[in-house]
Amino acid sequence: MTRLDLIVRGGAVVTRHDISTADIAVSQGEIVEVSPEIAGTAREEIDAHGLHVLPGVVDVHVHFNEPGRADWEGWATGSAACAVGGTTTAAEMPLNAHPPTLDGPSFDAKHKAAEASSHVDFALWGGLTPVNLEHMEELAVRGVIGFKAFMSSSGIDDFPAADDATLFAGMQRAAALGLPVAVHAENDTLTAALAATSVAAGRITARDYLASRPAIAEIEAIGRAILLAEETACALHVVHVSTGRGIAQIAAARARGVDVTAETCSHYLVFDEDDLQRLGAIAKCAPPLRPQCEVDQLWQALIRGDIHIVASDHSPAPADMKTGDDFFRIWGGISGCQSLLTSLLSAGHTDRNIPIASLASQVTDGPASRFRMAKKGHILPGYDADLVLVDLRETFTLHGCDLQYRHKHSPFAGMTFTSRPRRTILRGQTVAIDGMVVGAPRGRLLTPAPPLPVPLPAPG
Ligand SMILES: [Zn+2]
């Protein structure tokens, strides 16, 4: 019998949407047993009595901006924030690094940077833009989990938006490669025109910015993306959906057989547009924060199961890019990867009484299964021993100085939460304890597992 490396004892373990008190045995980075009492000893034992033990969080939407713009974040600080917050796998977006991930060499450069500094396992998105359709295959060969396209301006020159023709051609290619396309869905014609009119009239406040990105811009673009995906038989993932009607369109498409999933972000679940007025530029994002009625609709959709994934869309920038009088010119993006799990559990479980196991699913097996991360997302034998031990007994305030980000600003800073990540374990080794990173970076690249084979007929 192989000697166990680790036993985590006595925690309230979240497995397959259920919670029970159990021990977890780990050997060579994998879970080998989950049962009420595991006999024997291991090289390391961790007492988890009084804590909840969840699968390590899989955050499929982060921007770490390295190589090229590591002064905005970087893999070392971004992944440290993930580890401290309970995230053990981060899928990183193709833009805001330079060069953006649009071809093989740019993938290789990012892979190298991540491998040198990441405290958590990572997957990489490739881009889908008008300038790299010919390079999608080389990205697929290297192991991207999908292709990200912007239906509106990305705000950054080296990552042009995908017009309908690009999206149509790109989806055909992605479908042939067996990979999903993820879209930032906002109607560019509409948002650009509303913004131009507003700025020309000198209307440049936060309220004016909100008015330039109405819900219909998102709803129209989601509908168009769904039609294109249906026509091309391409798997579609709609990132950061901010409206109830956006989610409803996705649910309706799924009901008629379209392979489409919905993601929302912790900031759309926690903040509303009044918070944007109060918090200012650190809460600027696109699509923007919405009225409270939309926030309520997102929670209802999440409870119904119509939201498959909650991600952070961690999108950091230096403080001097988040200041100024013209709200249209201020850089958009919210820093939130460290607070993803704690904000979801606090707002979902403590405030709304949604079962922990159900909330956990949106940030663990939901994203892992959608993006074919074979050994992630469950506490079951054969899975990677990625665990987060969470204390729901006490409240704590997340201070700005607690943030591991390079730039320690976030709308989540200063908030009080009820679920504190105490320890994060990556493939059997502790990577964070009580807000501090432990050990050297050892994150590795995850590539999508082959599509599931057609099941064999039952014997007999
Ligand atoms: Zn993003």
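Is the crossing of helix 1 and helix 2 left-handed or right-handed? The crossing is right-handed, that is, the near helix is turned clockwise from the far one by less than a right angle.

This is a predicted model, in which local features need pLDDT of at least 70, side-chain atom pairs count only at pLDDT 80 or more, and totals for chains, interfaces and linings use all residues. Residues are numbered from 1 along each chain as its sequence is written, and side-chain values use heavy atoms, with hydrogens and water left out.

**The helix pair.** Select helix 1 (residues 75–85) and helix 2 (residues 104–117), whose axes come within 9 Å and cross at roughly 60°. Helices here are DSSP runs of H or I with at least four residues, and strands are runs of E with at least two, numbered from the N terminus. Axes are lines fitted to C-alpha atoms, for helices over the stretch in contact, with angles from 0 to 180 degrees between N-to-C directions. Next, display Trp75, Ala76 and Ser79 of helix 1, which meet Lys110, Ala113, Ala114 and Ser117 of helix 2; contact means heavy atoms within 4.5 Å.

**The zinc site.** Select the zinc ion, which is coordinated by His61 (NE2), His63 (NE2) and Asp313 (OD) at 2.1 to 2.2 Å. Donors are N, O and S atoms within 2.8 Å of the metal (3.2 Å for Na, K and Ca); water is not among the atoms, so sites may look incomplete.

**The sheet.** Two strands pair if DSSP finds at least two bridges between them. Within the sheet, Val238 stands opposite Ala262 in strand 13.
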